[in-house]
Amino acid sequence: MTMTETMNNKAASVSFRNVTKVYGKDVVAVDNIDLEIEPGKLVTLLGPSGCGKTTTLRMIAGLEMSTKGSITIGGVDVTRLPATDRDVSMVFQSYALFPHMTVIENVSYGLKFSGHPKSDIRNAALEGLGLVGLADFADRLPSELSGGQQQRVAVARALVLKPQVLLFDEPLSNLDAKLRRQVREEIREIQQNLGLTVVYVTHDQEEALAVSDTIVVMRNAGIAQIGTPRELYDAPADRFVADFIGEANLVECAITSVEGDTAEVDIAGYRYRLDTRGLDVGPATMAVRPGRIVLNRDAAGDGLEVTVSKATYVGSRMEYTLATPVGELFAVMDDVYDPLDVGQVVQLQFADIGPVLLPEA
Amino acid sequence: MKISSSENKTLPVLIFWILAGWVGFAVLPWYGVEDGFFSFDWVFDGYPMDRDYAPAAFLLAQGKNLWLAPMVFALLAPLLVLRLKKSDPRYGAILLAVGAAGLAWLMAQGLAIGIRGWTTDWLGLAFGPLDSRQYGMGYGALLTASAFLFLFTQGLAARGAINGDVFVVSAITGVIAIVAIFVFFPIAKLMTAAFIGDDGSISILSFLAKFGDRRIWGLGCFSGGRCGAAWNSFFLAIIVATITTTMGLVFALVVTRSGFKYKRLLRALTVLPIITPPFVIGLAIILLFGLSGSITGFFADVFGVQPTRWVYGLPGIVIAQSLAYTPIAFLVLIGVVEGVSPSMEEAAQTLRASRWEVFKTVSLPLMRPGLANAFLLGFIESMADFGNPLVLGGNYDVLSTEIFFAIVGAQYDQGRAAILAIVLLSFTLGAFYAQRFWLGRKSYTTVSGKGDSGVHPAMPRGLAIPTFAIATIWGLFTVVIYGMIFYGSVVEVWGMNHELTFKHYVTAFSFRFEDSGIRWSGSAWDSFWTTIKIATIAAPLTAAIGLITAYLLTRQNFAGRNAFEFGTMLSFAIPGTVIGVSYILAFNVPPVEITGTGVILVVCFIFRNMPVGVRAGIASMSQLDKSLDESSLTLGANSWQTFRGVVLPLLRPAILAALVYSFVRAMTAISAVIFLVSAEYDMATSYIIGRVENNDYGLAIAYSTTLIFVMLSAVLLLQLLVGKIRIGRRGAGREKE
């Protein structure tokens, strides 16, 4: 087996081979995906709603059975194994705490079915509650806890089973913004301390960037791109990923010459040099983050002449919509004390690092 | 570790059913014990050798009933499986084959060999004459049959059906099996009986001849004569459904769209039809409008109007049924009227529509599917009603009573009863089908779960005034009716001597303290205790089957789910009289010979009331988030443990409700029961009908009043208990408020 065996860690790999899930006759939820998840890593499935990310997660849990293909966990084929018999636990979006059981009963629930001696169960459950800082709340009912506390009970309940894989289905979507940041840091910390394999579903790109070792971006039942948060942000494969992870201006351009790894592109007359990413001379698309646009009041070298069509003050920065020869662009500037005016004509340049060509645009 | 343990988890279940099969075959009496199994007299009466009480194995050992022998192989074969792993393909294959073969043989021999040897001539021709015979199967056969069935389902599960889930596969198969035996088999028997001519042969001609009978389809009433029973039933049902729907809407409007203060009181009205035996309203109508009724007497005295029997016939039945079923329509329509989103009505108001225009153009059209639903329910209830036409029908023949007279009266014509039953069944099934498949897709009132903060606008004046007037009159009438029932029970002889007396109660319910304990000397006690006993046994079984079915329908996805749902809800649309007739036809002869016992009454109640349990279960289970089950599954519990540990505790209010309602319905039922009671097992309702037929109204009404109070206290007790059970924020008790 390929799993890394440590003292109380069974963290296992997960792999999907040509997995397809069809609901009913012809609703394809997941279309022929291949996926490798390494043990001890936190992998996020990210995508807009309806992209198949939750279905993928539920197939790991065994709550849905794949229509085609095979799924292995820790090297063992589990394709046909029902949820009960898989060593996987899951934290649900709604938490799914059993309302008629106390916190400790909820956390002990799974232990009862996995052959633990009775005497150990309570201790193991308390230990799990300690891990999420709720040891003092053992005898309360879920209804007597706040949303954030309920969330942590749900995490503890899944953790105590020391599963091969721990699954999270949009665990933060019912929390308010401040709590969300705190809980996601806690989840990441526990995952790293215990070396767990975690698969995490979210539609919030910021959350995904913050917690993941690897992000799997999904689109239309398939995988759009897999990579570390940095890779996805700095080098998106296509328009979809560029726009979904962080915002991006998609600029049509033409590659005029290629020298080694460096390409020179022409953007309505503005010449700019960047990595080729395997592209050759010809029309192309580049992605430019709003923060990587520089606006000069006075022309300074090569650039594009643009007009400010909207200017919005959002507190920490200014947001500008610009009318340019290559269409409308969106830029942000940190200088809020001396903003540009609507109608003002300025020079646009791209920052030296940041803008990239999209190989699969 | 976890995976290997689950490999062995199901073994105890397998061993249990193998053992059960052997116990049924070699320990318990194979055939039905005439004096009742639970008297245990048979233990001391020649068991295990006597052929009436012998287990199958002992019969074989004596060389008797050799046709039971092949089952030995089917019982031995599963022992081979014990050594195999569950993942071994032979494991599933053997269990499948053994279960199917055993069950098939058991059924085949049961159907082929009856009390007079071969049941059909061609079997005798094929296998030669047979001088032995057999009676109805007993608990031994029942247990062995169950063992075969569940060995079969474990085989199915091992082959991967429903993700290899033994509990779910067994539950589905079990429900299908009992519904097949106790709903579809009797109906099939009924269909066959309709084709059997007077000489015993099966012919379509005799069916057509009887089917086309003028007494069923005649249209003479349009030319001064009498119409057939089918048309009578149909006209009656249309009139009653129209009235109940209108009245239901009136009450629903009063409750939701007016400043009416005593809404809770009106809601309490909906309890009435549940606790009132169906014919009691009919009795009260007689007390009011009969020849010696109070109102008849009043008109005779004051205006000199000659008392007539006008109330016996269509008018009487219409009044009684409308009173009885208006609360049901109210119950349906209040949900519909409340379900119309207030924000739509508010939107219409802001778009300059007047209140009347809002009602006419928005509210009413949105309620239309609900109105149709209430109409169809009223139609089915009226068609199926037996009690009121029986006491009030006069010369107005309707299908349900005609069926009864065809079987019970001097005619004793099973074929005619079967044909009438088929006609009645087609009407109710047609309405049921329309309700489910035509209306099912048309409802506008979907509860989205989003809070709707709007308020329903009040009714326009032009509508409010007549609505209130009608509601008040109807409400008063209902009060008078129930008052009459109580008053009628405490007067000497209705219409003759109105002195107050408790003598009817004394006759029915007197008891004495003697040395040997309490002596229940009243004439009603026998039937009263039988009713309580049967209802008490039937209620938990009904609730259990109903809830398991509801669980399967809401939580499991399997091929044929829709057919499964239709089959389980079907018995709702089968009128009681049809059930009664078909049970007599099906269960009077082996292999299942249970007429005249208490078992048939219990079985009848279970399947008559199952839809109520299923509906209650579905309603409260759909309030439970499905992720609760799923998280239990991912935490390692199997589906049975999930059902027991998570679903059931959260359904406690629904379970209680299902228990009480099936108990109460078992006590008020009459239509099917009247065919199935026997001297030993007489039920309260059939006893009362017997009193009515002897013109002993005092006793009948006193008994009915007592029943109403018993059931009222059962329902109140339920309200009290359900009110107390509140668990957590998702507690199912919450939506009861």
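Which strand of chain A is A:Asn18 found in? A few notes on this predicted model follow, starting there.

1. **A:Asn18.** This residue is found in strand β1 of chain A, residues 14-23. The phi of A:Asn18 is positive, near 50°, and the residue is not a glycine. A:Asn18 counts as exposed, because it has 11 C-beta neighbours inside 10 Å and the cut-off for exposed is 12 or fewer.

2. **A:Tyr95.** Here is another non-glycine residue with a positive phi, this time of about 70°. You will find A:Tyr95 in the loop between β6 and α2 of chain A. Is A:Tyr95 buried or exposed? A:Tyr95 is buried, because 23 other C-beta atoms lie within 10 Å and a count of 20 or more is what the term asks for.

3. **The hairpin in chain A.** Strands β9 (residues 214-219) and β10 (residues 222-227) of chain A run antiparallel and are joined by five bridges. If you want a pair to look at, A:Ile215 has A:Gly227 in β10(A) as its bridge partner. Two residues sit between the strands of this hairpin, and A:Asn220 there takes a positive phi near 45°.

4. **The five-stranded sheet.** Chain A also has an open sheet with the strand order β13-β12-β11-β14-β20 and antiparallel pairing. Its edge strands are β13 (270-275) and β20 (356-357) of chain A, each of which pairs on one side only. Within the sheet, β11 (residues 249-259) and β14 (residues 282-288) of chain A pair in the antiparallel sense over seven bridges. A:Leu250 stands opposite A:Ala287 of β14(A).

5. **Domains.** Chain A is divided into domain 1 (14-238) and domain 2 (247-357), with C-alpha centres that lie 39 Å apart. Chain B is divided into domain 1 (2-159), domain 2 (215-501) and domain 3 (529-736). For domain 1 of chain B and domain 2 of chain B, the separation of the centres over C-alpha atoms is 50 Å.

6. **Chain B as a whole.** The secondary structure of chain B comes to 33 helices and six strands. Its C-alpha atoms fill a box of roughly 85 × 65 × 60 Å along the principal axes. Buried residues make up 45% of the 737 residues in chain B. Taking contacts in chain B between residues at least 6 apart in sequence, 75% join residues at least 24 apart.

7. **The nonpolar core.** The largest nonpolar core has 328 residues, and those that touch the most other members are A:Leu167, A:Val199, B:Leu283, B:Leu420 and B:Val581. Helix α11 (residues 229-256) of chain B supplies the largest share of this core, 16 residues. Which residues is B:Leu283 in contact with, leaving aside neighbours within four places in sequence? They are B:Val391, B:Val692, B:Tyr697, B:Ala700, B:Ile701 and B:Ser704.

8. **B:Ala193.** This residue lies in helix α8 (residues 166-194) of chain B. B:Ala193 is buried, because 22 other C-beta atoms lie within 10 Å. Not counting residues up to four places away in sequence, B:Ala193 touches B:Gln414, B:Gly415, B:Ala418 and B:Leu585. B:Ala193 and B:Ile574 are 381 residues apart in sequence and 17 Å apart in space, C-alpha to C-alpha.

9. **Helix α28 of chain B.** Why is α28(B) largely enclosed by the rest of the structure? Seven of the nine residues of this helix (residues 626-634) are buried. The buried residues are B:Leu628, B:Asp629, B:Glu630, B:Ser631, B:Ser632, B:Leu633 and B:Thr634. What covers them includes α1 (53-61) and β6 (88-91) of chain A, together with α24 (525-555) and α29 (639-650) of chain B. B:Gly636 follows α28(B) and has a positive phi near 100°.

10. **The contact between the chains.** 28 residues of chain A are in contact with 28 residues of chain B. On the side of chain A that touches chain B, β6 and α2 (103-112) of chain A each supply at least two residues, and β6(A) gives the most, with three residues. By class, that side of chain A has 16 nonpolar, eight polar and four charged residues.

How values were computed: Residues numbered from 1 in each chain as written. Chains lettered and ligands numbered in written order. Predicted model: local features only at pLDDT ≥ 70, side-chain atom pairs only at ≥ 80, totals over all residues. Core = buried A, V, L, I, M, F, W, Y, C linked by C-beta atoms within 7 Å. Helix = DSSP H or I, 4+ residues; strand = E, 2+ residues; numbered from the N terminus. Contact = placed C-beta atoms within 7 Å. Domains from an automatic or database assignment. Pairing = 2+ DSSP bridges. Nonpolar A, V, L, I, M, F, W, Y, C, P; charged D, E, K, R; others polar.
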